[in-house]
Amino acid sequence: MQTEQELEKFIASVAQTFRAKVPPGNREAVWLKISAHLREARLMKPTEQQSWTRWPFFLRSAWGKAGAVILTVLVAISLVGGVAKATPGQTLYPVKRAAERVEKVLTPGEEAKVKVTIKHAKRRLSEVQTLVAENGQQTMVQQTLTDLTNTTQDAIAASESKPQLKNQIVDIVTHEEKILADVQDQTEGEIKAAVGKALLLTQKSLNKLTTEDNNVEGASTAALENETQSAAQATSTAGLVKSKTSGKTSSKDGKIESRLQIDEVITIGENNNPIPEP
Amino acid sequence: MTDGSKKNTNLDELVRKAAQGQEAAFSELYDLYFDKIYRFVYFRVNHREQAQDLVSETFIKVWGRLRDMEDFSSFNSWLFQIARNLVIDYYRTKKIQVDLNLLENVLIYEDDLVNRTDVSLQEKIFLEALKKLNPDQQVVIKLKFIEDLENAEIAKILDKTEGAVRVIQHRAIKELKNLLSNQDAN
């Protein structure tokens, strides 16, 4: 076996041996079950009268519905163009924030609301970056950091009963940590201190998210203890992964555990391939 | 448009239609993914009927959540994550203590295969060499080659980035090459 390509071909052929041992699944029988469920779901679909009972009371009347349509259009218009790009201190910024509040109210379903909250947290983060880059006023930066923190905590709290959103929450908090660390390096004085506080809170949230035992249906959890002082400065394209982590997964009743150990320094080149260690 | 990107666009379109409630599109998605999902589940529960039940639950759950999906391009990885979580729930309800790492590393036939007489000597040597890799490397090789999953799907299952999966695979192949070369030399 001379080259890695030849080895990969060999592995693929061995893999075929394994796959051949799997007894074939009954595709049609499984689909019959699924389509029976789809049929039931269609028959059980709530009537228009019933479906409206899920909406807030003020939306149940015709006037309420018309008002909701107008508000939705206003929200849609206000979230594009100049309003969408408005940052704290600009004239249109209060319109943007008001539109976000309306958007959240009009969004049906708890899961969708959490996703909207995550979206708003991303916007606050972007606003912090913009304010720092443009040397924004200290009070505005601090207020935006507070809004960011509050929005993120809202998303985390609301997602506790929605394990399917956990990865998205972890992603946004991880991203937040990275951005705040970068911003902290670019700032001084009281703004730096304020960013540092927000960063600390983000790191605590991230630790809690990744170490907390969850026993929610349909979810598995992974716990990571980051031993580095600052956030792991990992990039997916080029850079050096400096973190050293060890992992533990467990459920509340202690019945499922795993240990993952990763302690490698990986240098990834510009073409996204690892650079061999000397 | 390349074949790859055309295929992705067709898949995104299918997912979009299924998310809009079109059962015909959902049925096409089922046809596309049944084999992979069934094999994925079967390797972890080692029981045909149970695997079929879990596959049907997976697709039923997917149908229920499709309309909330925002990024259709991550459908594959999302589908596998749902299947994986259902397997974990299956073990929970059976009150079986399972090491999650083992669950990822499971390959029911592995030990049995090493002792089978119809497995070639080279294949046995490969299986022995595979066991010498670290757990992450073993899992990635198995998911990639034996279960025929894409890097994005593997990343989602293992809760890692695609970049990390590529690095692990690269190192695993390199390590296997060294192990098998040493074996040849001996």
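Helices here are DSSP runs of H or I with at least four residues, numbered from the N terminus. The views below come from a predicted model.

**View 1. The second largest cavity and the helices around it.** Helix 10 of chain A is the biggest giver here, putting four residues into the lining of the second largest cavity. That helix spans 189-211, and helix 8 (138-158) of chain A also brings at least two residues to the lining. As for the space itself, the second largest cavity holds about 30 Å³. Searching the whole structure turns up two cavities of 30 Å³ or more.

**View 2. Helix 3 against helix 4 in chain B.** Here helix 3 (residues 48-65) of chain B packs on helix 4 (residues 75-93) of chain B, with the axes 9 Å apart and an angle of about 130°. The pair therefore counts as oblique. Their crossing is right-handed.

**View 3. Who touches whom between those two helices.** From helix 3 of chain B come B:Gln50, B:Leu54, B:Glu57, B:Thr58, B:Phe59, B:Lys61, B:Val62 and B:Arg65. Facing them from helix 4 of chain B are B:Phe75, B:Trp78, B:Leu79, B:Ile82, B:Ala83, B:Leu86, B:Val87 and B:Tyr90. The residues of this contact split into 11 nonpolar, three charged and two polar.

How values were computed
Residues are numbered from 1 along each chain as its sequence is written. Chains are lettered from A and ligands numbered from 1 in the order in which they are written. This is a predicted model: local features need pLDDT of at least 70, side-chain atom pairs count only at pLDDT 80 or more; totals for chains, interfaces and linings use all residues. Side-chain values use heavy atoms; hydrogens and water are left out. On a 1 Å grid over the protein atoms alone, a cavity is a set of points where a 1.4 Å probe fits but cannot get out, and a pocket is an open set with protein on both sides within 12 Å along at least five of seven lines; lining residues have an atom within 4 Å of a point. Grid points are joined across faces, edges and corners, and a volume is the space filled by probe spheres set on the points. Axes are lines fitted to C-alpha atoms, for helices over the stretch in contact, and angles run from 0 to 180 degrees between N-to-C directions. Angles under 35 degrees count as roughly parallel, over 145 as roughly antiparallel, 65 to 115 as roughly perpendicular and the rest as oblique. A crossing is left-handed if the near helix is turned anticlockwise from the far one by less than a right angle, and right-handed if clockwise. Contact means heavy atoms within 4.5 Å. Ala, Val, Leu, Ile, Met, Phe, Trp, Tyr, Cys and Pro count as nonpolar, Asp, Glu, Lys and Arg as charged, and the others, Gly among them, as polar.
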